[in-house]
Amino acid sequence: MSESSAEVVADVASAAVAASAAGAAGGWRRATGVAGMAIGVVAAGAAAGVALERMTVGRGMRQKARLALDSAGPYGALRGMPGKAFADDGTELYYEVDELDPEAAPAALGPRRRRLFGRKSPAPVTVVFSHGYCLSQDSWHFQRAALRGVVRTVHWDQRSHGRSGRGVAQGRDDEPVTIEQLGRDLKAVIDATVPEGPIVLVGHSMGGMTVMALADQHPELIRERVVGVAFVGTSSGRLGEVNYGLPVAGVNAVRRVLPGVLKVLGQRADLVEKGRRATADLFAGIIKRYSFASRDVDPAIARFAERMIESTPIDVVAEYYPAFNDHDKTEALAHFADLPMLVLAGVQDLVTPSEHSEAIADLLPDAELVLVPDAGHLVMLEHPEVVTDRLADLLTRTGAVPAGATVKGYGSTSTAQPG
């Protein structure tokens, strides 16, 4: 970003402070409008190139293009056997299970798992996928398509995301979300979907942090039942130091006011959601900027990511934000030391920079570290072939799938159930 852009960011931050003050004085409609515009301008400044490109096309044409992509894009259409788990505060956590193809089951029972569990017919390995902030279980679309029928998988939506219920502690008691709470949520999902047998844990971004929190709270579960772990574009801490590709002055200004602005916006979510719809083009630009690095990302994929992020209500965005600055699970990584592990990140990830994945791998020297060039934060959508290939290799190493098993095409979008 240029120096002039940095000045704009600083000016917008000042406007955001004014918006927060206006909210305190009772001018909620004006406050949310100013604050929404402030965040929109910051977003546009950070993704100026993308936003400017969109400005050259008429709004009506852009709206038609989005509708066309929504109707044609099959991404996120995969569905499994649905169910609900319940968190310790009563929040409904929605999950789906894709069962192992019965015809593939005998071949998948390898000697490694018989040695590990001492059973002639051990329970199949279950792979539990945890998604990131402002996403849903559908963010694993390509990996899910490739693994259907080959291995048993569980996909779940974090609280207040996707099809899961609104966090009870947040809606009822106004409690902020914590990564520790997400770890307990994951345990509830595991208890409901994998009461016995070996597990592989896969987490992207916030989902990886959720896995770390689980290990911190239940080291015995990791020791006794987890046979492999994959961290994709995540961090074990120090997220407060990430600059998101902004100049230092700009990001510091935003950090100072963002908690207050988000609080204002979250308290008047209905008005803000109208503003988000009105500035959809600006937000589409920023979403693309912070999700992908490749210039030739499939427009349908970009729109798919946009829909997932747009579907996260602003009050949910606000209540999750403090959790990331407080997140520090570096010590919990020791619980994974003896397991087959994959640590993967996009080199151009601006949200959880690849240096954070390298730091995790430094503490887990036996882990496979994969840095994907020309990839951003949503690397599993941007370069699904790389992520699925390395994940399939991890599953082979854990005994979840036999060596030489055929993993389906990475781009499959069939909605038929396996078996």
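## A charge over a ring

The charged end of R289 lies over the ring of Y290, at 5.9 Å from the ring centre. This placement, like everything below, is read from a predicted model.

## Aromatic pairs

The model holds six aromatic pairs. One of them joins Y75 and F142, with 5.5 Å from centre to centre and 50° between the planes, and counts as tilted. This pair links distant parts of the chain: Y75 belongs to the loop between α4 (59-72) and β1 (81-86), F142 belongs to helix α7 (residues 141-147), and 67 residues separate them. Y75 counts as buried because its relative accessibility is 14%, under the 20% limit. F142 is buried as well, with a relative accessible area of 7%.

A second tilted pair is formed by Y133 and Y320, whose centres are 6.0 Å apart and whose planes make an angle of 40°. Here too distant parts of the chain are linked, since Y133 is in the loop between β3 (126-130) and α7 while Y320 is in helix α16 (residues 314-326), 187 residues apart.

Beyond pairs, one aromatic cluster is made up of Y75, F142 and F304.

## Nonpolar cores

The largest nonpolar core has 47 residues, and those touching the most other members are V200, V202, F292, L344, L381 and L395. Helix α15 (residues 299-310) supplies the largest share of this core, with seven residues. Another core lies apart from it and has 32 residues, including V226, F231, L333 and L339. In soluble globular proteins, nonpolar side chains tend to be buried together.

Which residues does L381 touch, leaving aside its neighbours within four places in sequence? L381 is in contact with S139, F142, F292, I301, F304 and M308. Two of these contacts, F142 and F304, are also members of the aromatic cluster with Y75. F292 is in turn listed with L381 among the core residues that touch the most other members.

## Helix α19

Helix α19 (residues 384-398) contains 15 residues and spans 21 Å from its first C-alpha to its last, close to the 21 Å expected at 1.5 Å a residue. Its buried residues are P384, V387, T388, R390, L391, A392, L394, L395 and T398.

What follows α19 in the chain? The next residue is G399, which has a positive phi near 85°.

C134 is not a glycine, yet its phi is positive, at about 65°. C134 is located in the loop between β3 and α7, the loop that also holds Y133 of the second aromatic pair described above. C134 is buried because its relative accessible area is 9%, under the limit of 20%.

R238 is another residue other than glycine with a positive phi, near 65°. R238 is placed in the loop between β6 (226-232) and α12 (248-267). R238 counts as exposed because its relative accessibility is 61%, over the 50% limit.

Definitions and conventions
Residues are numbered from 1 along each chain as its sequence is written. This is a predicted model: local features need pLDDT of at least 70, side-chain atom pairs count only at pLDDT 80 or more; totals for chains, interfaces and linings use all residues. Side-chain values use heavy atoms; hydrogens and water are left out. Rings of Phe, Tyr and Trp (its six-membered ring) pair if their centres lie within 6.5 Å; planes under 30 degrees apart count as stacked, over 60 as edge-to-face and the rest as tilted. Helices (H or I, at least four residues) and strands (E, at least two) are DSSP runs, numbered from the N terminus. Buried means under 20% relative accessible area, exposed over 50%, partly exposed in between (1.4 Å probe, protein chains only). A charge sits over a ring if NZ of Lys or CZ of Arg is within 6 Å of the ring centre and within 35 degrees of the ring normal. A nonpolar core is a set of buried Ala, Val, Leu, Ile, Met, Phe, Trp, Tyr and Cys residues joined through side-chain atoms within 4.5 Å. Contact means heavy atoms within 4.5 Å. The expected span of a helix is 1.5 Å times one less than its number of residues.
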